[in-house]
Amino acid sequence: MIHAGVVGIAGRMGSLLAQGIIDAEDMVLAGALEAKGHPVLGKDAGTIVGRDLQGVGISCVFEEAFASCDVIIDFTMPAVTVETARYAQEESKHLIIGTTGFDEEQLLMIRDCAGKVPVVMAPNMSIGVNVMFKVAAILTELLGKDYDVEIIEAHHRLKKDAPSGTALGLAISIAEAKGVELAKNACYERHGIIGARPDGEIGIQTLRAGDIVGDHTVLYAGNNERIELKHQAHSRQNFARGALRAVRWLKGREPGLYSMIDVLGL
Ligand code: NAD
């Protein structure tokens with residue numbers, strides 16, 4: 001049995017992850033953390049996600065929440081995930097990171113943690129999106145310089161970071177396939193008299209509206225034709241299922257920073 005813990009159990013992703021762990025035959029929900037002052041603190045982790053009593057109280061202290069866990073899953077926010085990584089590193093816990101929006105310093109800390117324990121980190125845990133990363137790189141290579149590339153993403157109105165981690169993941173794949181540096185070629189917004197589109201630019205455009213779970217389109221436009229590569233998530237279940245697949249895959253791995261491409265063997 002894998003003893004798994006969830007950071008941010010009351011969140012949109014946290015509650016789905018907890019349900020998935022409770023419903024899995026090979027896993028036990030062994031720990032749950034929420035923010036200081038959150039109304040669910042002290043309550044049972046099973047009942048707050050609509051399942052039977054699990055005998056696991058929700059805590060705001062890492063040591064209390066995760067002492068009996070083998071693996072911790074964190075889909076929260078960067079500052080919280082960095083604390084989780086620090087704890088996982090000190091206590092030798094495996095770690096799954098779904099949080100997006102890290103800065104360079106936070107990423108360095110996570111890489112440091114992955115030097116000591118195995119970590120899977122992916123901005124999008126869905127199988128379809130990870131296949132799309134691969135396909136986007138192949139299309140970029142096949143179409144070459146004559147096709148302009150634009151990434152368009154749409155998410156719900158509550159999403160905190162922009163562009164989405166997935167859009168950035170696609171942009172990284174595309175920049176690598178083009179053999180260029182993303183920082184020098186990315187264009188995140190356009191307004192006013194912008195002039196002609198620079199050669200090699202990678203456009204990354206963000207939409208925020210309603211309850212959209214997550215849409216990503218890569219547009220390849222040449223003269224007289226275009227290709228659109230599109231992924232639409234119908235529900236967050238998709239991400240939770242991918243995260244639990246990563247939990248199983250991580251068992252027995254050496255320390256290192258792994259992606260969903262590794263988990264899925266793509
Ligand atoms: P959310 O706001 O619904 O949930 C975040 C939870 O974290 C909340 O319950 C909040 O109370 C909790 N939290 C805040 N501070 C905390 C602390 N100090 N300790 C413990 N818990 C704390 O957000 P969400 O929609 O579930 O998304 C969370 C993250 O996951 C975002 O970064 C989002 O971009 C990312 N995400 C990733 C994927 C993926 O496949 N990788 C999919 C969906 C969302």
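Reader: Which residues have the most contacts inside the largest nonpolar core?

Author: Ile 9, Ile 96 and Val 120. That core has 40 residues. Keep in mind that this is a predicted model.

Reader: Which elements give two or more residues to this core?

Author: Three strands are on the list: strand 1 (2-7), strand 2 (27-33) and strand 3 (71-74). The helices are helix 1 (12-23), helix 8 (237-250) and helix 9 (260-263).

Reader: And which gives the most?

Author: Helix 8, with eight residues.

Reader: Let's look at helix 1. Is Leu 17 buried or exposed?

Author: Leu 17 sits in helix 1. Its relative accessibility is 0%, so Leu 17 counts as buried.

Reader: What about Gly 14, buried or exposed?

Author: Gly 14 is in helix 1 too. Gly 14 counts as buried because its relative accessibility is 0%.

Reader: Ligand next. How many residues surround the ligand?

Author: There are 25. The closest are Arg 12, Met 13, Glu 34, Thr 100 and Met 125.

Reader: What is the shell like by class?

Author: Twelve residues are nonpolar, eight are polar and five are charged.

Reader: Where does the ligand lie relative to the domains?

Author: Between domain 1 (2-121 + 236-264) and domain 2 (127-233), because both give residues to the shell.

Reader: What about Met 125 and the ligand?

Author: A polar backbone atom of Met 125 is 2.8 Å from an oxygen atom of the ligand.

Reader: Which residue has a polar backbone atom by a ligand nitrogen?

Author: Ala 122. The distance there is 3.0 Å.

Reader: How much of the ligand's accessible area does the protein cover?

Author: 82%. On its own, the ligand has 880 Å² of accessible area.

Reader: Switching to side chains. What does Glu 150 pair with?

Author: Arg 197. Their side chains are joined by a polar contact of 2.5 Å.

Reader: Where is Glu 150, and is it buried or exposed?

Author: Glu 150 is in strand 6 (residues 148-155). Glu 150 is buried, since its relative accessible area is 11% and the cut-off for buried is under 20%.

Reader: What does the side chain of Thr 166 contact?

Author: The side chain of Asn 124, through a polar contact of 3.1 Å.

Reader: Which element holds Thr 166?

Author: Helix 6, residues 165-178. Thr 166 has a relative accessibility of 4%, so it counts as buried.

Reader: Backbone geometry now. Where is the cis peptide bond at a proline?

Author: From Ala 162 to Pro 163, with omega near -10 degrees. Pro 163 is in the loop between strand 6 and helix 6.

Reader: What is phi of Ser 92?

Author: Near 55 degrees, a positive value in a residue other than glycine. Ser 92 belongs to the loop between helix 3 (78-91) and strand 4 (94-97). With a relative accessible area of 55%, Ser 92 is exposed.

Reader: And phi of Asn 224?

Author: Near 75 degrees, again positive and in a residue other than glycine. Asn 224 lies in the loop between strand 9 (215-221) and strand 10 (226-232).

Reader: Buried or exposed, that Asn 224?

Author: Exposed, because its relative accessibility is 83%.

Reader: How far is Gly 210 from His 38?

Author: The C-alpha atoms are separated by 25 Å. Along the chain, Gly 210 and His 38 are 172 residues apart.

Methods. Residues are numbered from 1 along each chain as its sequence is written. This is a predicted model: local features need pLDDT of at least 70, side-chain atom pairs count only at pLDDT 80 or more; totals for chains, interfaces and linings use all residues. Side-chain values use heavy atoms; hydrogens and water are left out. A residue is near a molecule or strand if one of its heavy atoms lies within 4 Å of it. A polar contact is a pair of N or O atoms within 3.5 Å; within protein, one must be able to donate a hydrogen and the other to accept it, and residues adjacent in sequence count only if both atoms are side-chain atoms. Accessible areas come from the Shrake-Rupley method with a 1.4 Å probe; for residues, only the protein chains shown count as cover. Ala, Val, Leu, Ile, Met, Phe, Trp, Tyr, Cys and Pro count as nonpolar, Asp, Glu, Lys and Arg as charged, and the others, Gly among them, as polar. Domain bounds come from an automatic or database domain assignment. A nonpolar core is a set of buried Ala, Val, Leu, Ile, Met, Phe, Trp, Tyr and Cys residues joined through side-chain atoms within 4.5 Å. Buried means under 20% relative accessible area, exposed over 50%, partly exposed in between (1.4 Å probe, protein chains only). Helices (H or I, at least four residues) and strands (E, at least two) are DSSP runs, numbered from the N terminus.
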